[in-house]
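Let's take a walk through this structure together, one stop at a time. Keep the sequence and the 3D view side by side as you read.

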Amino acid sequence: MFLINFSFVKTALILAISIFLINLWLSSKGYLFTEESIAAVARKHAAQFKEKVDAPTVEAAYKRIHAELVKKYPGHILPKKDLQWMFVNAGGWMGSMCMLHASLTEYVLFFGVALDTSGHSGRYWANISDTLLTGEFNQWKEGELKMNSFHAGDTVFHAWGEATSVNFKAGTWMVEYGRGFIPSTLGFALADTFFSTLDFVNLYYILRIYTKALLLEAKFFLTIGVDSIAEYL
Ligand SMILES: *[C@@H]1O[C@H](CO)[C@@H](O)[C@H](O)[C@H]1NC(C)=O
């Protein structure tokens, strides 16, 4: 009995210390992107959809955003040949994402839906901001009796620890930036795959692209030398 309690206390202690250290690291490390830098790029392209004048297709807009980010963050954005749209089933909703960048503490991806969908946002150990290119996103925050509507050019902020009810209208496409302890978001992102869809092909795609993104970051750090790495830690 004593042994069991002791190992429980030990586990709890290790967990608490790990959370404390990761939080300390997250609050003191340098970051590659800022919420505003990603939102600004997306906003520029959203303007065309907002004014509905010479609006390109969403595909064309995403192509340009990708090219712009490759130029702005060389060595950190997955190349065109690795870009892949894959379904994400989580919290009861179904969307599609195309990952551009992911590390242990940041990610940038394209996200959207071609059909209406709703569900639980997930409660994350990460701040997530979404800037809409087209469509409509409705967010109902916990504890509130009303919802907020977002459209082309708007940025929706989802703070860590927060949970909301989300509703995406068909044809809503956005650019998403996440910052926090990214591996912790995988649990929610994959839960519906394990307990509902059992779509293991999709699971393979998601894990493969996250691995590719992590390898790209590893490659970057191997080429810049030890002195520069300190900047990012
Ligand atoms: C997440 O957002 C909050 C503000 O809501 C901020 O205080 C915190 O520093 C952010 N975390 C990171 C890792 O940027």
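**A guided walk**

Pro-79 sits in the loop that joins helix H3 (58–72) to strand S1 (85–90). Helices here are DSSP runs of H or I with at least four residues, strands are runs of E with at least two, and both are numbered from the N terminus. Before going further, note that this is a predicted model: local features need pLDDT of at least 70, side-chain atom pairs count only at pLDDT 80 or more, and totals for chains, interfaces and linings use all residues. Residues are numbered from 1 along each chain as its sequence is written, and side-chain values use heavy atoms, with hydrogens and water left out.

Is Pro-79 buried or exposed, or something in between? Pro-79 is partly exposed, because its relative accessible area is 32%, and buried means under 20%, exposed over 50%, and partly exposed in between (1.4 Å probe, protein chains only). Its C-alpha atom is separated by 21 Å from that of Thr-57, a residue 22 places away along the chain.

Now look for His-158, which belongs to strand S8 (residues 155–158). His-158 counts as buried because its relative accessible area is 7%. Which residues does His-158 touch, leaving aside those up to four places away in sequence? They are Ser-121, Gly-122, Tyr-124, Ala-126, Asn-127, Ile-128, Gln-139, Ala-163 and Thr-164, where contact means heavy atoms within 4.5 Å. The side chain of His-158 also reaches the backbone oxygen of Gly-122 at 3.4 Å. That is a polar contact, a pair of N or O atoms within 3.5 Å; within protein, one must be able to donate a hydrogen and the other to accept it, and residues adjacent in sequence count only if both atoms are side-chain atoms.

Asn-127 leads us on to the ligand, which is surrounded by Tyr-31, Asn-127, Phe-157, Trp-160 and Arg-179; a residue is near the ligand if one of its heavy atoms lies within 4 Å. An oxygen atom of the ligand is 2.3 Å from an N or O atom in the Asn-127 side chain, and a ligand oxygen is 3.5 Å from an N or O atom in the side chain of Arg-179.

Finally, find Leu-198 in the loop between helix H4 (186–197) and helix H5 (200–224). Leu-198 is not a glycine, yet it has a positive phi of about 50°.
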